[in-house]
Amino acid sequence: MREKWRAEFTDGFDLWHLHVPRAALEEIIGRSNVEWALPPAMAAPDPVLASLIDALRPTPIGGSSSPLFVDQMLAAIVTHLASRYFQIGEAAAPRAGLGPDQEKLAKDMLEAVGRSGNRLADVASACGLSIGQFARRFRATTGLPPHRWLTSMRVARARDLLAHSNLTLAEIAMRCGFADQSHLIRVFRTAMGSSPGRWRREMIGSTLDTDDDGSL
């Protein structure tokens with residue numbers, strides 16, 4: 001931290017400046033014995049960090065991206081920085097998953113994201129864990145990171161409504177926690193390989209609605 005930040009650019013660039021306070025670093029990794037051992041000069045590419053930043057680039061912080069997704073990606077970035085560039089003492093023993101009460105509380109709070117404004121830090125705190133501890137234990141319990149689990153639950157609920165209701169895509173998007181109809185279409189196509197309108201027609205031969213992007 002005593003070094004002045006400097007860089008030389010010879011072409012066009014996108015710049016992300018991330019400031020990670022020690023308290024945030026220790027909260028994310030769930031450790032308090034962090035030694036600041038960052039080399040004084042770094043000039044080597046970091047493809048892992050570049051990939052994590054790329055995941056955030058399409059929907060910048062403060063935009064329409066899910067707060068839970070942004071929290072999770074920032075936690076991943078800090079965890080990577082800690083593991084590669086800092087000394088964090090002895091490796092911690094593998095941790096168990098969430099307890100039954102913690103699992104139920106976490107899932108209830110995650111499914112309320114969007115209505116309650118819950119962030120990953122809120123869910124972790126309610127379970128008595130740091131963000132890093134919660135993310136690891138949640139994945140050990142469910143097999144998925146929190147954001148991916150929530151997305152899978154929303155897609156499953158959307159499938160059920162598409163197959164068993166006359167609701168429009170906009171109504172289904174609202175009921176399932178998607179930002180809007182276009183968000184539902186985008187996420188559903190990624191998960192299912194087909195747009196919601198086409199999936200519904202293939203399942204029940206319905207012509208109730210079509211996707212607003214004209215896809216079949």
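Entry: the cores. I am working with a predicted model. I looked up the largest nonpolar core and got 17 residues. L98, A106, L110, V123, F134 and F138 have the most contacts inside it. Helices α3, α4, α5, α6 and α7 each supply at least two residues of this core. I then picked A106 and found that it touches L98, V123, C127, F134 and F138, leaving out residues up to four places away in sequence. There is also a second, separate core of 15 residues, and L162, I172, A173 and L184 are among them.

Entry: helix α9. I checked its length. With 12 residues (181-192) at 1.5 Å a residue, α9 should span 16 Å, and its end C-alpha atoms are 16 Å apart, so the two agree. Its buried residues are Q181, H183, L184, I185, V187 and F188, and they pack against α7, α8 and α10. After α9 comes G193, with a positive phi near 75°.

Entry: salt bridges. How many does a search of the whole structure find? It finds three. E103 pairs with K107, with the closest N and O atoms 2.8 Å apart; both lie in α4, four residues apart, about one turn of the helix. K104 and D108 meet at 2.9 Å, N to O, and they too lie in α4, four residues apart. K104 counts as exposed because its relative accessibility is 53%, while D108, at 41%, is partly exposed. E111 bridges to R157 at 2.4 Å. E111 is in α4 and R157 in α7, so this pair ties together parts 46 residues apart in sequence.

How values were computed: Residues numbered from 1 in each chain as written. Predicted model: local features only at pLDDT ≥ 70, side-chain atom pairs only at ≥ 80, totals over all residues. Heavy atoms only, no water. Core = buried A, V, L, I, M, F, W, Y, C linked by side-chain atoms within 4.5 Å. Buried < 20%, exposed > 50% of the residue type's maximum accessible area, 1.4 Å probe, protein only. Contact = heavy atoms within 4.5 Å. Expected span 1.5 Å × (residues − 1). Salt bridge = Lys/Arg side-chain N within 4 Å of Asp/Glu carboxyl O.
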